[in-house]
Amino acid sequence: MAETINISVRSLVEYVFRRGSIESGFRTSAALVEGTKAHQKLQKQYGESDQHEVYVSAEIACRELLFVIDGRCDGLLQDADGGPVTVDEIKSTSSDISDIEEDSYPVHWAQAMCYAYMVAKDRELHHMRVQLTYMQVETEDTRRFVKEASFSELEQFVHDVVEQYYPYAQAIYEHEQRRNRSIKELAFPFPAYREGQRKLAGAVYKTISEGRKLFAKAPTGIGKTMSTLFPSVKAIGEGLLQRIFYLTAKTITRTAAEEAYGLLQAHGLQLHVVTITAKEKVCLKDEVRCTKEHCEFADGYYDRINGAVLDLLQSETIMTRTVIESYARKHRVCPFEFSLDVAYAADAVICDYNYIFDPRVNLKRLFEEQRRHTTLLVDEAHNLIDRAREMYSSTLSKSGFLALQREFKGVRADLHDTAKAINQYFITLRKRIGDRQMLVEPELPEDLLALLDGFLASAEKELAASGGSPASPLLLETYFAAHNLVRIAKLYDERYMTLFTSDRNEVSVKLFCLDPSHLLRQMGKGYRSHVFFSATLSPLSFFMDTLGAGEEDYSVSVPSPFAKEQLEVFVQPLSTRYQDRERSREAIARSIYQMVTRRSGNYFVFFPSYAYMSSVYEAFTDLVGEQGEDSQLRVLVQTVQMPEEEREQYLAEFQAGRDGTLVGFAVMGGIFSEGIDLVGERLTGVAVVGVGLPQLGPERNLIKAYLEDTGKNGYEYAYVFPGMNKVQQAGGRLIRSETDHGVLLLIDDRYLQPLYQRLLPEEWRDYTVLR
């Protein structure tokens, strides 16, 4: 009996018919786009006897596999004169429709031919007409191409396509058999569950089983990564899932996920796991220029990618950045695009939040059927709120258009004129703003959007003529910025404000998302389940509100497994408020000094900003000098935009058993305050200066006002809760295992106020007040 492979027409033909080179990223914006409205407009023009969105399917045997292929054809048209039935495949585009020729997109013909074969087979038709209809989304101009084919020609075509797909399907099928057997035999990879770990793992499995969202507050040290991955892997073995996405904001937590999968593999698991690394980091060239003229890994990419994917999947299981780069060099393919193509075939993907939630870069080929069998594990979920607000906001500035106006003067009139018109818009806007620096309005800047439509059309013509690699890199950069503003404008509603700002010669417009919860719900729609987890998901009600929870979703709070005796907590009630910082900085430096000289070891001191850190650092080094300290006390200072190599060197200094004392000055919410593990004597103590409140500013105040209008405590939601989350993350670096001991110093008089006290973790509340 043949084994069954279910596949959509679209997935089948996209695998077989992708050909050629990777063009610039411009192609993803200006080439063919999904256009539901365009489809609907064309379908309304059909006759009474015509049908649209017709479901079709067919079974095709190929060696020992039975392929069940299905999909929906856009239109099934009847000829009034009794001619052949026509399958109509509609595609919409934002680029110039006159550039599309009959054979520009073989993949579209393949899709339509497959539909035609299924219709002909089902209705026993001997002849079919196949039609491609292209529609320009702005002008609504259309262009049609028609071919005719006999049933035997269609049948031969589809069988040839399936034959080409067969090696890949066979490899995936054989892997799935091995994978499922390994999952069935897989045991939890530790001798026993830690306290709280079984509770979290059980909640994750129940959430997947019931197709819900889970919001889990689970302390550092219980093994959250394994507690979420292990039940998710088991769910694949039970047929509940086909794919796991492990989403995170930081490279270091991606490494933790890779290590967890590696441990499961050492215990027998066979799972395809791929890590997606940002294009800028993984690019094999000195400069990221994705055109065949500048990159041999882009030139002919699609001619080689199927072989590369097949080789990788047959040879490897855990596909880290290093593995991806190695196979990319071997097959001469772009490592970034390679990782994306592998992600669609893998059982598990480790990547940044934006590949799911950001409308600019999400994995658009992950179809609805695949989403229904996918779970999202969102690590360090407290970071997603601000990241989402950033994803769903967009800024556009004057300077780029002024530069383009000058650059294209006398070169290309339409591009010069549209850039000039937008530059003039900003000049008028500067006069409107006057001395206020900022103007806030609750409506879209419709005049600007109309001008941007003209600019985008002109820019697309220039970019298309140059193959997406213009002589002017500024044009591509400005095109993307303008395109993104137009895209975000389509999301604009009462949860947005428009900010107009003027600073010297620069003028900007920002579509600012005040509340991303609705859009997170929309972008996450269709996935089987979501698990949002963090050690600092507190208060849970705040995070459930802001991350888009529904009434039917779950929450779980796991208590700390560590003994109170492991942590000694002190509160130094000094004011760190902005107006008091100069007056209190020497007392704060003295308090830090007393902590780090009480016992030799490694210490972290976290501050709310670089400027404040620098000020206290100066007072601290003066104090060390006054005390006559020798080289036994060393101080490291985090710098702005620290390169990855310097970060690694900084952390490498925190070694157990070192002579003397090391003090690392760092900022809350930065690279050293989250996701790092300094177990045992690698970290002796942590001091947190301040309560982490975000800097007062117009954007935060707009968020505060919006939340108050919706009935929430705006100040707590906009300032206090995010601030104390940073405090908990920073302090959470200290106790990472059952054998860790350490001292935590909280410096701020607000820690003695009821609001801040109730936001402290339970294990921090037994503190000693220093006087």
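The largest nonpolar core holds 190 residues, and those that touch the most other members are Phe67, Phe338, Phe357, Leu452, Phe455, Phe604 and Leu746. A nonpolar core is a set of buried Ala, Val, Leu, Ile, Met, Phe, Trp, Tyr and Cys residues joined through side-chain atoms within 4.5 Å; buried means under 20% relative accessible area, with a 1.4 Å probe and protein chains only. The model is predicted: local features need pLDDT of at least 70, side-chain atom pairs count only at pLDDT 80 or more, and totals for chains, interfaces and linings use all residues. Residues are numbered from 1 along each chain as its sequence is written, and side-chain values use heavy atoms, with hydrogens and water left out.

- A second, separate core has 36 residues, including Ile244, Ala260, Leu377 and Val531.
- Leaving aside residues up to four places away in sequence, Phe455 touches Phe401, Leu404, Leu415, Thr418, Ile422, Leu475, Thr478, Tyr479 and Ala482, where contact means heavy atoms within 4.5 Å.

- Seven of the seven residues of strand E23 (residues 661-667) are buried, so E23 is largely enclosed by the rest of the structure.
- In a regular strand the side chains alternate between the two faces of the sheet.
- Thr661, Val663, Phe665 and Val667 point one way from E23, while Leu662, Gly664 and Ala666 point the other way.
- Strand E21 (residues 602-607) runs parallel to E23 and is joined to it by six bridges; Phe606 has Ala666 as its bridge partner in E23. Two strands pair if DSSP finds at least two bridges between them.
- Strand E22 (residues 633-637) also pairs with E23 in the parallel sense, over five bridges, and Arg634 has Leu662 as its bridge partner in E23.
- A right-handed β-α-β unit is made by E22, helix H24 (residues 644-652) and E23. A crossover is right-handed if, with the strands pointing away from the viewer, the path from the first strand over the helix to the second runs clockwise.

**The eight-stranded sheet**

- An open sheet of eight strands, with parallel pairing, has the order E11-E10-E12-E9-E13-E18-E8-E19.
- Strand E11 (318-319) and strand E19 (554-557) stand at the edges with a single partner strand each, so one side of each is left without a neighbour in the sheet.
- Strand E10 (residues 273-275) runs parallel to E11, and two bridges join them; Val273 has Ile318 as its bridge partner in E11.

- Six of the eight residues of helix H15 (residues 384-391) are buried, so H15 is largely enclosed by the rest of the structure.
- The buried residues of H15 are Leu384, Ile385, Arg387, Ala388, Arg389 and Met391.
- Seven of the eight residues of strand E17 (residues 506-513) are buried, so E17 is likewise largely enclosed by the rest of the structure.
- Strand E14 (residues 394-397) pairs with E17 in the antiparallel sense over four bridges, and Ser397 has Ser508 as its bridge partner in E17.
- Strand E16 (residues 496-503) pairs with E17 in the antiparallel sense over eight bridges.
- The hairpin of E16 and E17 has two residues between the strands, and Arg504 takes a positive phi near 55° there.

Notes: Buried means under 20% relative accessible area, exposed over 50%, partly exposed in between (1.4 Å probe, protein chains only).
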